[in-house]
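Subject: Handover of a structure and the findings from it

Dear colleague,

Please find below the structure that I am passing on to you, together with its sequence. My findings follow directly after it.

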Amino acid sequence: MSDYDYDLFVIGAGSGGVRAARLAAQLGKRVAIAEEYRVGGTCVIRGCVPKKLLVYGSRYGAEIEDAKPFGWSYSDLAFDWSTLIHNVQREVDRLNGVYTRTLENNGVERFLTRATVDGPHSVRLGDRDTPVTAEYILVATGSAPAFPSIPGTEHFISSNECFKFEALPQSIVILGAGYIGMEFASIFAGFGVDVTVVHRGEQILRGFDNDLCDMVAEALRDRGVDLRMCTNITSVEKDGDGYRVALTDGDCLRASSVMAAIGRTPNTKGLGLEAAGVELGDNGKVVVNAYSKSSVDSIYAVGDVTDRANLTPVAIREGTAFVETVFEDRPKAMDYSFIPTAVFTEPEIGTVGLTEEDARKNHAVDVYKTSFRPMRATISGRGEQVFMKLIVDVETDKVLGLHMVGPDAAEIVQMAAIPLRLGATKADFDATMALHPSMAEEFVTLRQKWEPPTPIKGSDAAA
């Protein structure tokens with residue numbers, strides 16, 4: 001029997017922390033977990049899951065309109081925000097219960113209070129004076145929304161508060177054009193809110209393939225979203241029932257609500273990590289090795305708090321690898337290649353592998369891409385386009401990147417991630433029989449290489 005109170009103490013009951021706690025407990029380890037808010041973490045309580053439900057809700061209006069040319073008729077169509085948000089919160093409550101029962105059924109002791117690190121093997125709980133001890137401590141506290149340091153920053157909401165609106169705002173200004181900002185811009189636009197996005201960069205969705213960014217930006221503008229690029233917010237002031245938002249380009253906007261979507265910060269402030277000898281990065285992240293171990297041998301960290309690949313499935317995989325490494329004597333280093341990613345805008349993005357820009361840094365590549373009108377739009381009349389793209393290594397013929405914009409892009413790319421991870425070649429794609437009629441079949445029927453346009457030179461360029 002160990003001299004410690006627990007074999008493992010987990011701080012943070014999000015997806016990564018719960019997975020690690022459950023698996024360790026199933027191995028017969030004495031496990032405890034502390035959570036100061038609600039079991040389930042950001043993804044389940046105030047992130048991916050409720051956001052995706054809002055995405056569904058925001059799309060129904062256009063889809064119902066699309067049904068008319070297919071012969072469906074209706075009357076008295078109306079939208080009620082309170083019904084949707086109530087049902088979303090009900091589902092969040094259900095999932096909170098599922099995660100809680102998972103811990104209970106596996107014998108994990110739960111502490112619904114704040115916990116801090118008191119030493120390499122010691123954890124202090126907010127509701128008691130005496131610390132508890134553990135052979136290993138796993139930090140899985142996730143991240144929190146970041147806010148700008150400008151006058152009036154207290155007036156900003158984050159994505160967290162979007163799930164608490166009692167009524168939809170008439171208008172909203174969103175600072176930031178990353179995936180969170182663009183998803184909420186798309187959601188609010190689908191509900192008829194007047195949306196303005198302010199971003200200091202030249203294009204939305206930094207880090208994604210340029211073709212995808214260009215297409216989604218154009219589609220959002222077509223839906224009425226005002227994208228203000230190459231500018232920033234200098235101040236926010238209360239103005240009656242709304243806010244005055246001043247920009248660096250001299251313009252001034254008025255909005256019912258102002259949202260910050262400029263990124264997230266690892267949740268390490270006040271956790272006592274530095275005092276325990278844990279190295280933190282410039283943004284507060286826990287610095288870990290390939291096995292999620294911190295600079296202190298007994299303290300590990302997984303998920304967004306390490307600022308590696310900040311996605312829920314990654315946190316879950318990291319939690320699993322931690323248990324395999326520490327408690328099963330099967331060291332498991334994480335592999336962050338070929339992680340499929342989605343952006344639930346309208347239209348939707350699905351992507352896996354390298355962007356064209358990144359691929360060209362180290363490879364000679366062939367590019368295959370196509371854009372077409374989806375079949376349903378030929379009847380509905382909606383002006384939408386699907387875009388698909390393959391990045392292929394010239395030397396090995398391996399597919400380095402696969403990208404899509406359009407309906408069900410996330411579902412298609414999830415399955416495409418399997419052959420890419422296995423090293424599939426363009427010849428493998430070409431040899432795969434198409435499923436017709438489908439959008440996904442285009443990925444196995446692309447034959448024509450894309451060639452960049454020849455630059456115009458000399459007198460022709462001036463003509």
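Predicted model: local features only at pLDDT ≥ 70, side-chain atom pairs only at ≥ 80, totals over all residues.

Pro-437 is placed in the loop between α12 (426-431) and α13 (458-462). Pro-347 belongs to the loop between β17 (341-343) and β18 (349-353).

Two or more lining residues come from each of α3 (48-67), α7 (210-222) and α11 (409-421). The element that gives the most is α3, with 8 residues. Sorted by class, the lining of the second largest pocket contains 13 charged, 9 nonpolar and 6 polar residues.

How many cavities of 30 Å³ or more does the count give? The count comes to 1 cavity, and the volume of the largest cavity is about 40 Å³. Its lining consists of Val-55, Ser-58, Arg-59, Ser-186, Ile-187, Arg-223, Phe-344, Thr-345 and Glu-346. The elements α3 and α6 (179-190) each give two or more residues to this lining, and the largest share, 3 residues, is that of α3. By class, the lining of the largest cavity divides into 3 nonpolar, 3 polar and 3 charged residues.

Ser-292 is not a glycine, yet its phi is positive, at about 70°. Ser-292 sits in the loop between β15 (264-266) and β16 (299-301). Is Ser-292 buried or exposed? Ser-292 counts as buried because its relative accessibility is 2%, and the cut-off for buried is under 20%. Asp-307, likewise not a glycine, has a positive phi of about 55°. Asp-307 is located in the loop between β16 and α8 (312-327). With a relative accessible area of 29%, Asp-307 is partly exposed.

The cysteines can be reported briefly. The count of disulfides comes to 0. Cys-162 takes part in no disulfide, and the nearest cysteine sulfur, that of Cys-48, is 14 Å away. Cys-162 counts as buried, since its relative accessibility is 0%. Cys-48, by contrast, has a relative accessibility of 33% and therefore counts as partly exposed.

Finally, I draw your attention to one pair of strands. Strand β19 (residues 365-372) has 6 of its 8 residues buried, so this strand is largely enclosed by the rest of the structure. The partner of β19 is strand β20 (residues 386-393), and the two pair in the antiparallel sense over 8 bridges. Within this pairing, Val-365 stands opposite Asp-393 in β20.

With kind regards

Conventions: Residues numbered from 1 in each chain as written. Heavy atoms only, no water. 1 Å grid on protein atoms, 1.4 Å probe; cavity = no way out; pocket = protein on both sides within 12 Å on 5 of 7 lines; lining within 4 Å. Points joined across faces, edges and corners; volume = space filled by probe spheres on them. Helix = DSSP H or I, 4+ residues; strand = E, 2+ residues; numbered from the N terminus. Nonpolar A, V, L, I, M, F, W, Y, C, P; charged D, E, K, R; others polar. Disulfide = S-S within 2.5 Å. Buried < 20%, exposed > 50% of the residue type's maximum accessible area, 1.4 Å probe, protein only. Pairing = 2+ DSSP bridges.
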